Amino acid sequence: MRLRDLGEFGLLGSLGLFGRELAPGWVGPGDDAAVLPAPGRPLLLTTDQLVEDVHFRRRTTSAWDLGYKCVAANASDVAAMGGRPLAFTLCLAAPGDLPVEWVTELFAGLDEGARSLGCSLVGGDTSSAPVVVLSVALLGVAPAAGPVLRSGARPGDDLYVSGNPGESALGLRLLEAGADLGEERLQALVSRHLRPEPRLALAAALGDAGLATSLIDVSDGLLQDLGHVLRASGVGAELWVERLPVSSSLTEVSQTLGAVPLHLVLAGGEDYELLFTAPPERRGAVFGAAREACTPLRRIGRVFGEPGLRLTQRGEAVPLPGALGFDHFPAGS
Ligand code: ADP
Ligand code: MG
């Protein structure tokens, strides 16, 4: 059997990583970041890698953007626990013929990511490899009310998403199509892909006040990441298509590329938006936190006890799109 026969999540499941018992207070594989008890607030630890020709192409992504993005992606996983990023390490592997200027640019982007997201580069490792591989491990601090796990959604909770999921995937399509990026709105879409802004302020506000019952960042597509929350919580949900945030630029530009706006919103990747649940009696406080964090927020559905995900449009059932998100070892590849 090969990895592609199992798929990314099948592989992780078959390794038995997610069911392992850890000491009380610890959270291991299966959430956005691990939780490590520490004197004072628990620490959060997450790692992510960016591999050339899998996650990025040197032709379409600058070294600066990549440096920025690998800090942002990791900081987003700490935000997905309601926490704040603190420090990170970078392991860099690269072919010997890579221009030194490329690496200098990479570190300039990394430094800007660290500065704007409030964390510091504190170490790493360097090696040669046939393609560029960047691995960041980032340490963060849990929020005052404790880390927000994927497993806390309860029947009756409201379901929310921040920002405009789908725009990053559309920005990537524009880059890959080699589109002329003269128009400002096209540049904005591309920058949503190249320079994502993790929702740190909203995450900390939700976490500190204990508002969210479950929380995840949307990295693999809204439907797929919602599926992780529902499975971890042992619940189901109804998602209201008419409430999804679909910007006019997403609708118009996706049509010029022959893409379906709703599919981008539901299954586009690398949005780094927050998807979370909260009890209906905290609705006012949730929108108050979003206003204070200057973060657009939509209430897009409701949690039910009955497992499964149902998509509705004005009360009528809508079929789920086939491709729900990104898999690193898709069947048939
Ligand atoms: P995210 O999209 O939030 O970064 P991933 O989909 O990459 O999360 O990973 C899901 C979970 O699986 C995380 O808790 C991660 O720590 C765990 N995981 C993924 N790959 C491995 C691995 N090789 N060894 C241990 N845990 C892993
Ligand atoms: Mg995540």
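Modeller: Helices (H or I, at least four residues) and strands (E, at least two) are DSSP runs, numbered from the N terminus. This is a predicted model, where local features need pLDDT of at least 70 and side-chain atom pairs count only at pLDDT 80 or more, while totals for chains, interfaces and linings use all residues. Residues are numbered from 1 along each chain as its sequence is written, chains are lettered from A and ligands numbered from 1 in the order in which they are written, and side-chain values use heavy atoms, with hydrogens and water left out.

Colleague: Now the metal: which residues coordinate the magnesium ion (ligand 2)?

Modeller: Donors are N, O and S atoms within 2.8 Å of the metal (3.2 Å for Na, K and Ca), and water is not among the atoms, so the site may look incomplete. The donor residues are spaced D-x44-D-x139-D in sequence. At 2.0 to 2.1 Å, the OD donors come from D32, D77 and D217.

Colleague: How many residues apart in sequence are the parts that D32 and D77 tie together?

Modeller: D32 sits in the loop between α2 (8-14) and β1 (34-36), whereas D77 belongs to helix α3 (residues 63-79). Both D32 and D77 are buried. The separation of the parts they join is 45 residues.

Colleague: On to ligand 1: how much of its accessible area does the protein cover?

Modeller: Residues around ligand 1 (one heavy atom within 4 Å) include L12, F18, D48, R150 and D220. Among the polar contacts (N or O pairs within 3.5 Å), an oxygen of ligand 1 is 2.5 Å from a backbone N or O atom of D31, and one is 3.0 Å from a side-chain N or O atom of S219. Of the 560 Å² that ligand 1 has on its own, by the Shrake-Rupley method with a 1.4 Å probe, the protein covers 63%.

Colleague: And how many charged residues does the shell around ligand 1 have?

Modeller: Asp, Glu, Lys and Arg count as charged, Ala, Val, Leu, Ile, Met, Phe, Trp, Tyr, Cys and Pro as nonpolar, and the others, Gly among them, as polar. The shell has 4 nonpolar and 2 polar residues, and its charged residues number 6.

Colleague: Salt bridges next: which residue pairs with D158?

Modeller: A salt bridge is a side-chain nitrogen of Lys or Arg within 4 Å of a carboxyl oxygen of Asp or Glu, and the structure holds 15 of them. In this one the closest N and O atoms are 3.8 Å apart, and it ties strand β6 (residues 158-162) to strand β10 (residues 297-304), parts 141 residues apart in sequence. Both partners are buried, and the one paired with D158 is R299.

Colleague: Last one: which residues are linked with R192 in a network of salt bridges?

Modeller: The side chain of R192 meets that of E273 at 3.1 Å, N to O. With E273 in strand β9 (residues 273-278) and R192 in helix α6, the pair joins parts 81 residues apart in sequence. Both E273 and R192 are buried. The network links R192 with E167, R199 and E273.

Notes
Buried < 20%, exposed > 50% of the residue type's maximum accessible area, 1.4 Å probe, protein only. Polar contact = N/O pair within 3.5 Å; in protein donor to acceptor, adjacent residues only side chain to side chain.
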